[in-house]
Amino acid sequence: PRRIGVLTSGGDAPGMNPAVRAVVRVSIARGCVPFAIYDGYQGLVDGGRKIRQMEWKDVHSFLPSGGTNIGTARCMAFKERAGRLQAAQNLIERGIDALVVIGGDGSLTGADVFRAEWPGLVDELVQQKRIASELAQRYRHLTIVGLVGSIDNDMASTDMTIGAVSSLHRICESVDAISSTAISHSRAFVIEVMGRHCGWLALMAGICTGADWLFIPERPPVDGEWQDRMCETLRQHREMGKRKSIIIISEGAIDSDLRPIKPDDIKDLLCQRLNLDTRVTLLGHVQRGGSPCAYDRFLATVQGVEAVEAVLRANPDTPSPMIGTRENRITCEPLMAAVELTHKVSKSIAKKDFQAAMELRSPDFAD
Ligand code: F6P
């Protein structure tokens, strides 16, 4: 039977636990042996109790729980070849020949590098007499399957990453809560949301809460112009009788000269030009914690099922797959093609080709 390791890596995301649960239980149902690797790549390098065989009951109550119960870490040791060599030894000693990695683009790229290096790592382990050569024959290939867990929804080739919708719910609840106090005091609020270099959370939150103005990295406003346009729009909204002004800003927001736009700059502008009593709220990690919403439980479960199926179908000559979803269908596409497409967005922004960035990110909103 295949022995399948599962790990979560990078920033946690609601839905990672349901994904782990699905991988563990479907592995067992399909006659494989699942292992949880604790603390992401750090657990692969450390081995010992950080690599544990999982049973059906071990993932009991994972479905509604937030964060990742098997831990995550940003691991420097795995970036070094010596760390990856140790990781390969730890896997071979336990007979693990497949890994399901749940994380963002950086974590998934790391997994693909590991797979590409694998035969060389195995040879080196034999040379250094750290594993027997018969074992090396049995473990010539490592199968990698990626699942995208990130609240940022910043991965190309999939409509939705695991965790993004839960985070959006949390943001909407928070903006609604802020709105009520804003109305009481007739105040303006500048609310910063996460997303790294991706404006999806800010854009969706703006639509879902009816914000007055938005800043997202993919559609930077022209410096010197946006200040007037924003103030004029907010003034008009106030004239129409609105007692609150809500501005949502993505943490990666920039202007058309690629300079960061900061919440405090917006606050100062609103105070000075419109005389609005303005507060800044950085929502922070409340956006990432807490129980996954129904959609993320569902998405993580069906993608987890597909991840195990992809391990069973895998062939040493085909590229590592990434499980995604497009138009409500679960997809299985080459992982590195998705990563490259994702990087194209940042490259377009760096070249100030904002239209291309928006089309790559979200064609529906590009106009
Ligand atoms: O990628 C997920 C994310 O929450 C981003 O939105 C945010 O920029 C970053 O991680 C925060 O990372 P940390 O938890 O290390 O501060």
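Hi everyone, let me start with one side chain position: leaving aside residues up to four places away in sequence, Ile178 touches Phe189, Ile191 and Thr281. Keep in mind that this is a predicted model. Ile178 sits in helix α6, residues 164-185. Is Ile178 buried or partly exposed? It is partly exposed, because 19 other C-beta atoms lie within 10 Å, and a buried residue needs 20 or more. Asp228 is 50 residues apart from Ile178 along the chain, and their C-alpha atoms are separated by 25 Å.

Now, on to the sheet. Four strands make an open sheet, ordered β7-β8-β6-β9, with parallel pairing. The edges belong to β7 (213-215) and β9 (278-282); each has a single partner strand, so one side of each has no neighbour in the sheet. From one strand to the next, the twist averages 15°. Strands β6 (residues 188-193) and β8 (residues 245-250) pair over 6 bridges, and Val193 has Ser250 in β8 as its bridge partner. Lying across β6, β8 and β9 is helix α9, residues 263-274, which runs at about 165° to β9.

Next, the ligand. Which residues surround the ligand? They are Gly11, Gly104, Ser150, Ile151, Asp152, Met194, Gly195, Arg196, Glu251 and Arg288. That shell divides into 2 nonpolar, 4 polar and 4 charged residues.

Last stop, helix α12, residues 354-361: Ala357, Met358, Leu360 and Arg361 are buried there. Those four are on the same side of α12, because they cover an arc of only 165° around the axis. Their cover includes α11 (335-350). Thanks, and I'm happy to go back to any of these on the screen.

Conventions
Residues are numbered from 1 along each chain as its sequence is written. This is a predicted model: local features need pLDDT of at least 70, side-chain atom pairs count only at pLDDT 80 or more; totals for chains, interfaces and linings use all residues. A residue is buried if 20 or more other C-beta atoms lie within 10 Å of its own, exposed if 12 or fewer, and partly exposed in between; C-beta atoms are placed from the backbone. Helices (H or I, at least four residues) and strands (E, at least two) are DSSP runs, numbered from the N terminus. The arc is that of the directions from the helix axis to the C-beta atoms. Two residues are in contact if their C-beta atoms, placed from the backbone, lie within 7 Å. A residue is near a molecule or strand if its C-beta atom, placed from the backbone, lies within 6 Å of it. Ala, Val, Leu, Ile, Met, Phe, Trp, Tyr, Cys and Pro count as nonpolar, Asp, Glu, Lys and Arg as charged, and the others, Gly among them, as polar. Two strands pair if DSSP finds at least two bridges between them. Axes are lines fitted to C-alpha atoms, for helices over the stretch in contact, and angles run from 0 to 180 degrees between N-to-C directions.
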